[in-house]
Amino acid sequence: MSTWFSQTFPNVVYQGWGGDTGWGTAIFQTLFMTFWSAVFGGLLGLIFGIGLVVTGPRGITPNKTIFWTLDKIVSVFRAVPFIILLAFIAPFTKALVGTQIGINAALVPLSLGVFPFYARQIQVALSEVDSGIVEAAQAVGASFSQIVFGVYIKEGRSEIIRVSTVTLISLIGLTAMAGAIGAGGLGNMAVAYGYNRFANDTTLVATILVLIMVLIVQVTGDWLAKKYNHK
């Protein structure tokens with residue numbers, strides 16, 4: 001079996017598992033970027049998404065100025081292609097993390113690249129919460145935080161999980177472009193050590209590993225969404 005694998009995937013074997021260009025390193029880099037970008041970008045997207053809902057025309061605290069500001073920020077960041085965002089915010093990235101290249105530097109554009117998409121997803125998810133339940137909570141004197149966490153988040157948690165799953169899958173895809181600033185990862189493995197060197201077996205294996213990650217996220221997300229769907 002090992003002989004067949006070595007003969008069929010010679011470039012994959014050549015890359016090895018450890019080292020700067022090994023498969024273990026590439027997998028770790030992809031997981032590292034995905035996880036921390038999801039944390040930072042997800043938190044920012046959640047804040048903006050909630051803000052858009054509660055300050056909107058049908059929100060619990062309508063505010064045209066704040067809504068317009070949040071909406072335009074999300075729209076502008078969402079309109080910028082990720083590969084351009086990488087270069088555009090390079091000075092900000094260096095000021096924040098001390099460097100423009102590498103895996104840590106990639107977290108900044110990845111977080112800012114995914115947050116507007118997630119913010120819109122959260123806005124849609126929370127807007128679908130039954131307005132009658134929100135009005136009932138207001139009628140009994142529920143506080144702002146009680147309505148946000150006890151009504152919006154609780155009632156919309158199944159849909160929030162679904163949009164989080166979609167966002168996480170999109171983020172895995174964005175990590176492939178992070179190789180442009182030396183962040184590594186499976187995307188960089190597929191392009192730099194596969195496509196650019198005509199090593200089709202390397203590209204194939206890197207693609208399969210990414211697909212496995214996506215499948216795990218999708219299956220887990222679907223299961224959690226179904227579990228917390230109380231409808």
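View 1. Helices here are DSSP runs of H or I with at least four residues, numbered from the N terminus. Polar contacts are pairs of N or O atoms within 3.5 Å; within protein, one atom must be able to donate a hydrogen and the other to accept it, and residues adjacent in sequence count only if both atoms are side-chain atoms.

Keep in mind that this is a predicted model, with local features needing pLDDT of at least 70 and side-chain atom pairs pLDDT 80 or more, while totals for chains, interfaces and linings use all residues. Residues are numbered from 1 along each chain as its sequence is written, and side-chain values use heavy atoms, leaving out hydrogens and water.

View 2. Q15 belongs to helix α2 (residues 10-15). With 10% relative accessibility, Q15 counts as buried; that label means under 20% relative accessible area, with exposed over 50% and partly exposed in between (1.4 Å probe, protein chains only). The Q15 side chain gets to the backbone oxygen of T21 at 2.9 Å. Leaving aside residues up to four places away in sequence, Q15 touches T21, G22, W23, M189 and Y193, where contact means heavy atoms within 4.5 Å.

**View 3. F28 and F32, a tilted pair.** Five aromatic pairs turn up in the structure. In one of them, F28 and F32 are tilted, at 5.8 Å centre to centre and 35 degrees between the planes. Rings of Phe, Tyr and Trp (its six-membered ring) pair if their centres lie within 6.5 Å; planes under 30 degrees apart count as stacked, over 60 as edge-to-face and the rest as tilted. Both residues lie in helix α3 (residues 23-54), four residues apart, or about one turn of the helix. F28 is exposed, at 52% relative accessible area.

**View 4. The F35, W36 and F40 cluster.** F35 and W36 pair edge-to-face, 5.0 Å centre to centre with 85 degrees between the planes. Ring pairs tie F35, W36 and F40 together as a cluster. W36 is partly exposed, with a relative accessible area of 34%. F40, found in helix α3, is partly exposed too, at 44%.

Definitions and conventions
Helix = DSSP H or I, 4+ residues; strand = E, 2+ residues; numbered from the N terminus.
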